[in-house]
Amino acid sequence: MGDMTSEEKIPRHVAIILDGNGRWAKSKGMPRNYGHVQGAKTVEVICEEAYRMGIQYLTVYAFSTENWNRPADEVDALMGLLRNYMKTCLKTAAKNNMCVRVIGEKSRLDEDIRKRIGELEESTKNNTGLHFQIAINYGGRDEIVRVAKKLAKQVQDGALSPEEITEERFGAALDTEGIPEPDLLIRTCNEQRISNFLLWQLAYTEFYFTPVAWPDFSKEELEKAVEAYNKRDRRYGLVTE
């Protein structure tokens, strides 16, 4: 496949549900954790390729609130991978001028992981390259409930009236405050559901599903997704012609 044409409209924000690491590894006779390691390497590649294409925001679903239900050894391995990835991401962000934010409910994560997340966010906050969001212990419903509690507390304290709770105020209290809503959601490995990811933010997002497992996802696959996005007639709301 050739390079993107000048007529192509590049989505400003792409969100990706990274699916198929375990199945990919199994197909090669390897343990599931091997797939997660390869999947982390694919994230590095796609961050660089996305920014080269002109994508400004990239959000990936790394670990959901439901993932704690996986076998303990797999959860432990994923947490170990996250620890290593935070170190790798620090170097990548410095090299590529990447601004990194972790979204999700961080309190359940081990203290050392929370510390690394804090260091990563603090050291990259002024970078002007790709805005890269990593969803860790993230669930869309959990995020909405956390916002509801935060706003309810403000009402209870007299700092906010119920009438002041608008879509804009609610959106500004989400983990993704200041980040534009995704234009395109990609999910790999043939699954066609959103699995509690960015439930509020995906209201008008285009969805793209591919049979390719995440470790095999490449620059060419990203280009295919953007080409498909360009064939859509983007409309907002329920206005009909």
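**Ground rules.** I number residues from 1 along each chain as its sequence is written. Since the model is predicted, I kept local features only at pLDDT of at least 70 and side-chain atom pairs only at pLDDT 80 or more, with totals for chains, interfaces and linings using all residues, and side-chain values rest on heavy atoms, with hydrogens and water left out.

**Helix H2.** I took helices (H or I, at least four residues) and strands (E, at least two) as DSSP runs, numbered from the N terminus. H2 has 22 residues and spans 31 Å from its first C-alpha to its last, close to the 32 Å expected at 1.5 Å a residue; the expected span is 1.5 Å times one less than the number of residues. I then listed its buried residues (under 20% relative accessible area, with exposed being over 50% and partly exposed in between, for a 1.4 Å probe and protein chains only). They are Gly35, His36, Gly39, Ala40, Thr42, Val43, Glu44, Ile46, Cys47, Glu49, Ala50 and Met53. These buried residues pack against S1, helix H1 (21–27), S2, H3, S4 and H7, where contact means heavy atoms within 4.5 Å. After H2 comes Gly54, with a positive phi near 105°.

**Helix H3.** I found 25 residues in H3 and a reach of 35 Å between its first and last C-alpha, close to the 36 Å expected at 1.5 Å a residue. Its buried residues are Glu74, Val75, Leu78, Met79, Leu81, Leu82, Tyr85, Met86, Cys89, Thr92 and Ala93, and they pack against H2, strand S2 (57–64), strand S3 (99–103), helix H4 (111–124) and strand S4 (131–138). The residue following H3 is Asn97, whose phi is positive, near 60°.

**H2 against H3.** Two packed helices are described by the angle between their axes and the distance between the axes. My axes are lines fitted to C-alpha atoms, for helices over the stretch in contact, and the angles run from 0 to 180 degrees between N-to-C directions. The axes of H2 (residues 32–53) and H3 (residues 72–96) come within 10 Å and cross at roughly 20°. That makes H2 roughly parallel to H3, given that angles under 35 degrees count as roughly parallel, over 145 as roughly antiparallel, 65 to 115 as roughly perpendicular and the rest as oblique. I recorded the crossing of H2 and H3 as right-handed; a crossing is right-handed if the near helix is turned clockwise from the far one by less than a right angle, and left-handed if anticlockwise. On the H2 side the contact is made by Arg32, Asn33, His36, Val37, Ala40, Val43, Glu44 and Glu48, and on the H3 side by Asp73, Glu74, Ala77, Leu78, Leu81, Tyr85, Thr88, Thr92, Lys95 and Asn96. By class, this contact has 7 nonpolar, 5 polar and 6 charged residues, with Ala, Val, Leu, Ile, Met, Phe, Trp, Tyr, Cys and Pro counted as nonpolar, Asp, Glu, Lys and Arg as charged, and the others, Gly among them, as polar.

**H2 against H7.** I looked next at helix H7 (residues 219–230), which packs with H2 at an angle of about 45°, the axes being 10 Å apart. The two helices are therefore oblique to each other, and H2 passes H7 in a right-handed crossing. Ile46, Glu49, Ala50 and Met53 of H2 meet Lys219, Leu222, Glu223 and Val226 of H7, which divide into 5 nonpolar, no polar and 3 charged residues.

**Single residues.** Asn67, in the loop between S2 and H3, is buried, with a relative accessible area of 13%, and touches Ala62 and Val75, not counting residues up to four places away in sequence. Arg12 is in the segment before strand S1 (13–17) and is partly exposed at 41%. I noted that the C-alpha atoms of Arg12 and Gln56, 44 residues apart along the chain, are separated by 5.4 Å; leaving aside neighbours within four places in sequence, Arg12 is in contact with Ile55, Gln56, Tyr57, Pro180 and Asp183.

**Positive phi in a loop.** Cys189 lies in the loop between strand S5 (184–187) and strand S6 (206–209), and its phi is near 65°, a positive value in a residue other than glycine. Leu198 lies in the loop between S5 and S6, with phi near 50°, a positive value. I recorded Cys189 as buried at 11% relative accessible area, and Leu198 as buried at 1%.
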